[in-house]
Amino acid sequence: MANGGKEGLTPEAARSLVDSVDVFIFDCDGVIWKGDKLIEGVSEALHTLRSLGKRFVFVTNNSRKSRKQYAKKFSKLGMEIDEGEIFTSSFAAAMYLKLNNFPTDKKVYVVGEEGIKEELKLVGYESIGGPEDGRKSIQLESSFFFDHDRSVGAVVVGLDQHFNYYKLQYATLCIRENPGCLFIATNCDSSGNLTSLQEWPGAGCMVSAVSCSTQKEPVVVGKPSTFLMKFLLERFKIDVSRMCMVGDRLDTDILFGQNAGCKTLLVLSGVTTLPALLDPSNSIYPDVYANNLSHFVQLSSL
C-alpha cells in the first residue's frame, strides 16, 4: 500500500492483498483473541478466507501453552484448528534444541510454564524448573549456599507468571557455571494481551532479568527471529512472496514478516494503536493496516 501502510485501508487494497496471498500467518493474542475472549468477527473472517482456499498458520510468542493446549483453546472458542497449523514459541525452543543436536543426556532448566516443558518432553528432553519452582524461596543467610544441577545444558526463558528470585538465581548459576550452557529466550515481548481488559508484562521482562544477571544475551527463537520463519518455510514449502503476516505488534509480528520478505497486515485490535503507528518515531510500517481482522476481510469483499 502507498506510504508503507500509513494510509487507511481501502477495499481495493484489501482485495489486492487477499488475491496475492495463499497463506496467512496469524498472531493469536490481540489478533484472534484477547485473553480467553474471541475478538468480534474473527471466526466469520477465518471462515471466509478458508472458503477462498487460503491456508492458515498460527504463530504465537506466548509460550505458556503447548500446541496441543492451544488447539484445545481454539476448540473451546468455537474454532476447529488443526494442531499442525499452530506454532508456539515453546515449540520453537524445543525445535531449536533438537535441530542443533542438543544432547539428550543434558537437562533443560525452564523459567516459564507448562507449555515449554510439554514441548521439550515431546522431543525427548528432560526439563526441570517451571511452575514447580514458583513455589520455592531462598533464605538469604550468611551461611546459605545455593546449589544447582550441573547436568543442565540449556536454560529456556519464557513468559512466567510464577517468576521469582529462586528461578532467577537457578538460571543464573546454570548459565554462568555450567560449561557451554545455552541461554534461549522464547521471545522478548515487553507486554501482551493476557486478559481481555488489560496488557500485562511479557516474557521480555523475565528474559531481561536473566540477561542482566548473567551479563549475556540469549538466542531468541520466537518472533521477530528468523529461526521460526525458516522452520515454517521448510515445513510447508511455502513461497514467501505468497504469504502475509497478520499481527498486532510492530516490533515482533510486522518485523517478523518483513525480515522474511512476506507481506504484512497490522490489526489495531491488540497492542499497537493508530497514534503509535503514525508516530514520527516509529520506523516499522506494515503494507496495510485495519481496525481488526473482520474489518479487513469485510473490505476485501466489497
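Trainee: Is Phe87 buried or exposed?

Mentor: Buried. Its relative accessibility is 1%, and the cut-off for buried is under 20%. Keep in mind that this is a predicted model.

Trainee: Where does Phe87 sit in the chain?

Mentor: In strand S5, which covers residues 86-88.

Trainee: And which residues is Phe87 in contact with, sequence neighbours within four places aside?

Mentor: There are two stretches of numbering to look at. One holds Val57, Phe58, Val59 and Thr60. The other holds Phe231, Leu232, Arg235 and Phe236.

Trainee: How far is Phe87 from Asp27?

Mentor: In sequence, 60 residues. In space, 9.7 Å from C-alpha to C-alpha.

Trainee: Switching topic. What does UniProt place at Lys223?

Mentor: The feature "binding site", and it comes from an unreviewed entry.

Trainee: What is Lys223 in contact with, beyond four places in sequence?

Mentor: Asp27, Val59, Thr60, Asn61, Asn187 and Asp189 are among its contacts. Met245, Thr252, Asp253 and Phe256 are on the list too. Val59 and Thr60 also contact Phe87.

Trainee: Now helix H11. How many of its residues are buried?

Mentor: 6 of its 8, so the helix, residues 293-300, is mostly covered.

Trainee: Which ones?

Mentor: Leu293, Ser294, Phe296, Val297, Leu299 and Ser300.

Trainee: Zoom out. How many helices and strands are there in the chain?

Mentor: 11 helices and 15 strands. The radius of gyration is 20 Å, close to the 19 Å that the globule rule gives for 302 residues, so the chain is as compact as a globular protein of that length.

Trainee: What does the C-alpha trace span?

Mentor: About 70 × 40 × 35 Å along its principal axes.

Trainee: What share of the chain is buried?

Mentor: 55% of the 302 residues.

Trainee: And what about contacts between residues at least 6 apart in sequence?

Mentor: Of those, 70% join residues at least 24 apart.

Trainee: Last one. How far apart are the mean positions of the positive and negative charges?

Mentor: 3 Å, for 32 positive and 36 negative charges.

Definitions and conventions:
Residues are numbered from 1 along each chain as its sequence is written. This is a predicted model: local features need pLDDT of at least 70, side-chain atom pairs count only at pLDDT 80 or more; totals for chains, interfaces and linings use all residues. Side-chain values use heavy atoms; hydrogens and water are left out. Helices (H or I, at least four residues) and strands (E, at least two) are DSSP runs, numbered from the N terminus. The radius of gyration is taken over C-alpha atoms; the globule rule is 2.2 Å times the number of residues to the power 0.38. Buried means under 20% relative accessible area, exposed over 50%, partly exposed in between (1.4 Å probe, protein chains only). Contact means heavy atoms within 4.5 Å. Lys and Arg count as positive and Asp and Glu as negative; His and the chain ends are not counted. The place of a charge is taken as NZ of Lys, CZ of Arg, CG of Asp or CD of Glu. UniProt positions are given in the numbering used here, feature names are shortened, and annotations may be inferred rather than shown by experiment.
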